[in-house]
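Hello,

Here is the structure I promised to pass on to you. Have a look at it first, and then read my notes below.

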Amino acid sequence: PRIGHESTCSLWELLCGVIAGWAVYAFGHSLFRRHCFFFDCVSICQYDPEVKAAGIRNIPAFLRASREMVVLWDERYFTRLW
């Protein structure tokens, strides 16, 4: 198949890439067992108010189970609070 305008890849390259992606998807949790991530816009439902409230209520449990926390934010972060 043709990828982009100038490069091509063989069927084997495409197949191996897809297999590798699915392998990481299926078994990645065992490889990176000690890492857990919390992304507010992904980890908390943004559409269902009941599920959103339950997610927000459970943030302290997630923090208690964490050894460290890194916060990445910009000036617009606090304009997007729940």
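Helices (H or I, at least four residues) and strands (E, at least two) are taken here as DSSP runs, numbered from the N terminus. On that basis the protein chain has 4 helices and 2 strands, and from the N terminus on, the order is β-β-α-α-α-α.

Please keep in mind that this is a predicted model: local features need pLDDT of at least 70, side-chain atom pairs count only at pLDDT 80 or more, and totals for chains, interfaces and linings use all residues. Residues are numbered from 1 along each chain as its sequence is written, and side-chain values use heavy atoms, with hydrogens and water left out.

Now the surface. Buried means under 20% relative accessible area, exposed over 50%, and partly exposed in between (1.4 Å probe, protein chains only). Of the 82 residues of the protein chain, 6% count as buried. Its accessible surface (Shrake-Rupley method, 1.4 Å probe; for residues, only the protein chains shown count as cover) comes to about 8000 Å², with 64% belonging to carbon and sulfur atoms.

A nonpolar patch on the surface is formed by Leu11, Leu14, Val18, Trp22 and Tyr25, which together have about 600 Å² of accessible area. Patch members have over 30% relative accessible area and no salt bridge, and nonpolar side chains (Val, Leu, Ile, Met, Phe, Trp, Tyr) are joined within 5 Å; a salt bridge is a side-chain nitrogen of Lys or Arg within 4 Å of a carboxyl oxygen of Asp or Glu. Trp22 is found in helix α1 (residues 11-31) and is exposed, at a relative accessible area of 55%.

The loop between α2 (40-43) and α3 (49-57) holds Gln46, and Asp48 has its place in the loop between α2 and α3 too. Gln46 is partly exposed at 33% relative accessibility, and Asp48 is partly exposed at 33%. The side chain of Gln46 reaches the backbone oxygen of Ile44 at 2.8 Å, while that of Asp48 reaches the backbone nitrogen of Glu50 at 3.2 Å.

How many disulfides (pairs of cysteine sulfur atoms within 2.5 Å) does a search of the whole structure find? The search finds 0. Cys16 is partly exposed at 48% relative accessible area, and Cys45 is partly exposed at 26%.

Best wishes

Notes. Patch = residues over 30% accessible without salt bridge, like charges linked within 9 Å, V, L, I, M, F, W, Y side chains within 5 Å. Polar contact = N/O pair within 3.5 Å; in protein donor to acceptor, adjacent residues only side chain to side chain. Disulfide = S-S within 2.5 Å.
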